[in-house]
Amino acid sequence: MTAQQDTKLHYLALLNDIASGERRAGVYLQAWADKTTDPELKECLAMVADRETSHYQIFDRRISELGYTWEDNDAPDFEERLRVSGSDMTDVEKIRWNQAKQGERKGPPIRERYEAAMADDTVDPLTRSLLRWFSDVESDSGSKLRQVYERVEGNTG
Ligand SMILES: [Fe+2]
């Protein structure tokens with residue numbers, strides 16, 4: 001038994017939080033994609049939802065490779081997010097609702113936490129490389145969604 005096996009990884013909570021958040025985002029973005037009648041928004045939401053679900057799977061696998069088991073974290077607003085995503089609210093209302101929700105978040109944003117881990121040489125190299133790739137994909141998803149949101153919001157003035 002080495003000391004390493006006895007001590008929990010200091011970045012395990014981060015990996016768990018990423019996997020948990022990605023899993024849920026995959027679910028509620030897909031619920032919105034299934035509901036919207038705007039073809040471009042539908043395609044973008046479905047593409048990002050697929051990425052999120054796949055990130056959950058990859059981080060779940062990485063956690064296992066490191067010798068641990070993924071544990072879901074608390075997300076008190078998940079049911080509400082899912083309900084809004086699948087509701088009859090307009091796309092613009094959903095965009096604004098999501099923006100308001102983001103503003104309410106407490107604690108450091110997950111992006112700050114994984115950027116710190118990417119620069120932390122006590123995190124194992126393969127996980128850091130995974131986090132760099134993940135960060136690039138998240139940025140790309142964010143900018144693609146923002147572009148479509150802007151177009152959707154512009155359409156209705
Ligand atoms: Fe994400």
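**View 1. Residues that meet where helix α2 touches helix α6 in this predicted model.** On the α2 side of the contact stand Leu14, Asp17, Ile18 and Gly21, and these meet Ile110, Arg113, Tyr114 and Ala117 of α6. Sorted by class, the contact between α2 and α6 comprises 5 nonpolar residues, together with 1 polar and 2 charged residues.

**View 2. The geometry of the packing between α2 and α6.** Two packed helices are described by the angle between their axes and by the distance that separates those axes. Here α2, which covers residues 12-35, packs with α6, which covers residues 110-118, at an angle of about 135°, and the two axes are 11 Å apart. Angles over 145 degrees would count as roughly antiparallel and those from 65 to 115 as roughly perpendicular, and α2 and α6 are therefore oblique to each other. The crossing in which α2 passes α6 is left-handed.

**View 3. The whole chain, as a setting for the close-up views of α2 and α6.** The secondary structure of the chain amounts to 7 helices and 0 strands, and when the chain is read along its sequence the pattern is α-α-α-α-α-α-α. Taken along the principal axes, the box filled by the C-alpha atoms of the chain is roughly 60 × 25 × 25 Å.

**View 4. Burial and contacts in the chain.** Of the 157 residues in the chain, 24% are buried. When contacts between residues at least 6 apart in sequence are considered, 71% of them join residues that are at least 24 apart.

Technical notes. Residues numbered from 1 in each chain as written. Predicted model: local features only at pLDDT ≥ 70, side-chain atom pairs only at ≥ 80, totals over all residues. Axes fitted to C-alpha atoms, helices over the stretch in contact; angles between N-to-C directions. Helix = DSSP H or I, 4+ residues; strand = E, 2+ residues; numbered from the N terminus. Parallel < 35°, antiparallel > 145°, perpendicular 65-115°, else oblique. Left-handed = near helix turned anticlockwise from the far one by under 90°. Contact = placed C-beta atoms within 7 Å. Nonpolar A, V, L, I, M, F, W, Y, C, P; charged D, E, K, R; others polar. Buried ≥ 20, exposed ≤ 12 C-beta atoms within 10 Å, placed from the backbone.
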